[in-house]
Amino acid sequence: MSLTTIPTKRLFLRPFESTDGPAYSEALPYSFAITLRAGGQLIGHCHLGPERDSPTHAGVAFTLNQDYWGQGYATEAVRALLRYGFEQQNMQCLFAECQPENLAAKRVLEKVGMQQTEPITSDSTNAASLRFALQSPD
């Protein structure tokens, strides 16, 4: 599978490269490095993970280097990843989860239009997570 580079106003979401370091050498399918357009600095990563039982549904995940928090980069990256999932991968529903105390992640998911659904409780840890979903606009 060959991933494309996804441009945004300030970022590129691109396939991982060997120069990104050993942590990314075995990146999952549909994983993207989040880099700044100006200078190419790697500032995080994001992932679109199709479900085994429902290939038109996928989970969205993102991580950003703490130095870049609070500047709108996560929202910009997630918005681009959602568009990629719906327009290029023909997904019907995208979802994400975050811990209740992670207010910044919750706000990112709300800003990109995701709606909170039922909370999820882990069987192994009994920890609750918030779940968000967004249906394809088509």
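Where is the place of T56? I found T56 in the loop between β4 (42-50) and β5. I am working from a predicted model, so I keep that in mind for every entry below.

I checked the accessibility of T56 next. The relative accessible area came out at 31%, so T56 counts as partly exposed. That value falls between the cut-offs, since buried means under 20% and exposed means over 50%.

Then I asked which residues T56 touches, not counting residues up to four places away in sequence. My list reads N90, M91, Q92 and C93. I looked at Q92 from that list in more detail: Q92 and T56 are 36 residues apart in sequence, yet their C-alpha atoms are 5.3 Å apart in space. I also noted a polar contact at 3.3 Å between the side chains of T56 and H57.

**Entry: D20**

Is D20 buried or exposed? I read a relative accessible area of 14% for D20, so this residue is buried. D20 is in the loop between β2 (11-14) and β3 (31-36).

I wanted to know what the D20 side chain reaches. One partner is the side chain of R14, in a polar contact of 2.9 Å. Another is the backbone nitrogen of E17, which I found at 2.8 Å from the D20 side chain. Leaving out residues up to four places away in sequence, D20 touches R14, P15, A33 and L42.

The R14 and D20 pair is also a salt bridge, with the closest N and O atoms 2.9 Å apart. I looked up burial for both partners, and R14 is buried, as is D20. E17 came up again here: R14, E17 and D20 are linked in a network of salt bridges.

**Entry: other salt bridges**

How many salt bridges does the count come to? I got 7. A reminder to myself: side chains of opposite charge can pair when their charged atoms come close.

I picked out E110 and K106, whose side chains meet in a salt bridge at 3.5 Å, N to O. These two are 4 residues apart in helix α2, so about one helical turn separates E110 from K106. Both ends are partly exposed: E110 has a relative accessible area of 33%, and K106 has 23%.

I also looked at R131 and E118, whose side chains form a salt bridge at 3.7 Å, N to O. R131 lies in strand β9 (residues 128-135) and E118 in the loop between β7 (115-116) and β8 (120-121), so this pair ties together parts that are 13 residues apart in sequence. For burial, I wrote down 17% relative accessibility for R131, which counts as buried. E118 is at 45% and counts as partly exposed.

**Entry: the largest pocket**

My last stop was the largest pocket, with a volume of about 460 Å³. Which residues lie nearest its centre? I listed F62, A74, A104, A105 and V108, out of a lining of 22 residues. The elements that give two or more residues to this lining are β5 (57-64), α1 (73-87), β6 (93-98) and α2 (103-111).

I sorted the lining by class too, and it has 13 nonpolar, 6 polar and 3 charged residues.

Terms used
Residues numbered from 1 in each chain as written. Predicted model: local features only at pLDDT ≥ 70, side-chain atom pairs only at ≥ 80, totals over all residues. Heavy atoms only, no water. Buried < 20%, exposed > 50% of the residue type's maximum accessible area, 1.4 Å probe, protein only. Polar contact = N/O pair within 3.5 Å; in protein donor to acceptor, adjacent residues only side chain to side chain. Contact = heavy atoms within 4.5 Å. 1 Å grid on protein atoms, 1.4 Å probe; cavity = no way out; pocket = protein on both sides within 12 Å on 5 of 7 lines; lining within 4 Å. Points joined across faces, edges and corners; volume = space filled by probe spheres on them. Nonpolar A, V, L, I, M, F, W, Y, C, P; charged D, E, K, R; others polar. Salt bridge = Lys/Arg side-chain N within 4 Å of Asp/Glu carboxyl O.
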